[in-house]
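Me: I have a structure open and want to go through it piece by piece. Can you help me read it?

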Amino acid sequence: MPLPRKLLNDDEELLAEMHPHWVFFAGPAAATAATWAVILAILLSFKHIPDWASYPLLILGAVPTVWLLGRLVRWRTTTIALTTTRILVRRGILGRDTVQLRLQRITEINLAQSLIERMFGTGRLVIDVQGEDDSLTLTDVRKPAVVQRVVNAQINELVGGGAREEVPPELRPHDYRPRTPHEYRADTPPFGTDAVDPLDPSDPTMPGDTPVPDPAPTSFPAPVTSDGGIGAKLIELDDLRRRGILTEEEFAAKKAELLGRF
């Protein structure tokens, strides 16, 4: 069962999500297989066994089978998740048990593996927590050395002393996609970046904002000089005079009036 995304904060990214290693139910699976193998051997050896005698055998085979089914349900409903800020361990179907641990509180991460666990690629992570006497132990962790390295790198990134470790594809959630800076909330910057004022229009990283260029200055036509305007009027008046629209006296009067303005 995947980790509900509603448990994540707005500025939090899910880096790794995994179930326990398959050795989590290896014991019940082996016991079930061995029990049913013995039952089948008995039934084949005694072909004429009475029906009433087969019932105890079926009950005997049902016990490890129920154990195996219960362990499969527990495996399916146990999720270990690593985010950019926390480690989350979620268990249970009807009753839910969710343990969360801030990465800043982790002081040490120790790896414990037996020879058999090393052969199968599993192990235990013992996490020491600041201010706590008891440690958080994660059992049956897949690729524990890789998980240990990824968690340490994420802690170093939070405190500003290193870069994030790349998470292997097999440990990533199915919908894993690195978040871009614009996908974080404006009032909660990603780790490693400076906070900005969300109301500052000069911030070029504000999501959804596009820089607006300054408006181009408005150009106005050059003013017409007084002498150029009078000259055009005189030419127009002379044209009217030559067409006979204005008499010589009217032309002379208008010409004198225009020259008087100049």
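Me: Which residues of helix 4 are buried?
Reply: In this predicted model, the buried residues of helix 4 are Pro144, Val146, Val147, Gln148, Val150, Val151, Ala153, Gln154, Ile155 and Leu158. Buried means under 20% relative accessible area with a 1.4 Å probe, protein chains only. Helices are DSSP runs of H or I, at least four residues, and strands are runs of E, at least two, numbered from the N terminus.

Me: How are residues numbered, and what is counted?
Reply: Residues are numbered from 1 along each chain as its sequence is written. Local features need pLDDT of at least 70, side-chain atom pairs count only at pLDDT 80 or more, totals for chains, interfaces and linings use all residues, and side-chain values use heavy atoms, with hydrogens and water left out.

Me: What covers those buried residues of helix 4?
Reply: The cover includes strand 1, strand 2, strand 3, strand 5, strand 6 and strand 7.

Me: What does Val151 touch?
Reply: Leaving aside residues up to four places away in sequence, Val151 touches Leu82, Ile87, Leu103, Ile106 and Ile109. Contact means heavy atoms within 4.5 Å.

Me: What comes just after helix 4?
Reply: Gly160, which takes a positive phi of about 85°.

How values were computed. Buried < 20%, exposed > 50% of the residue type's maximum accessible area, 1.4 Å probe, protein only.
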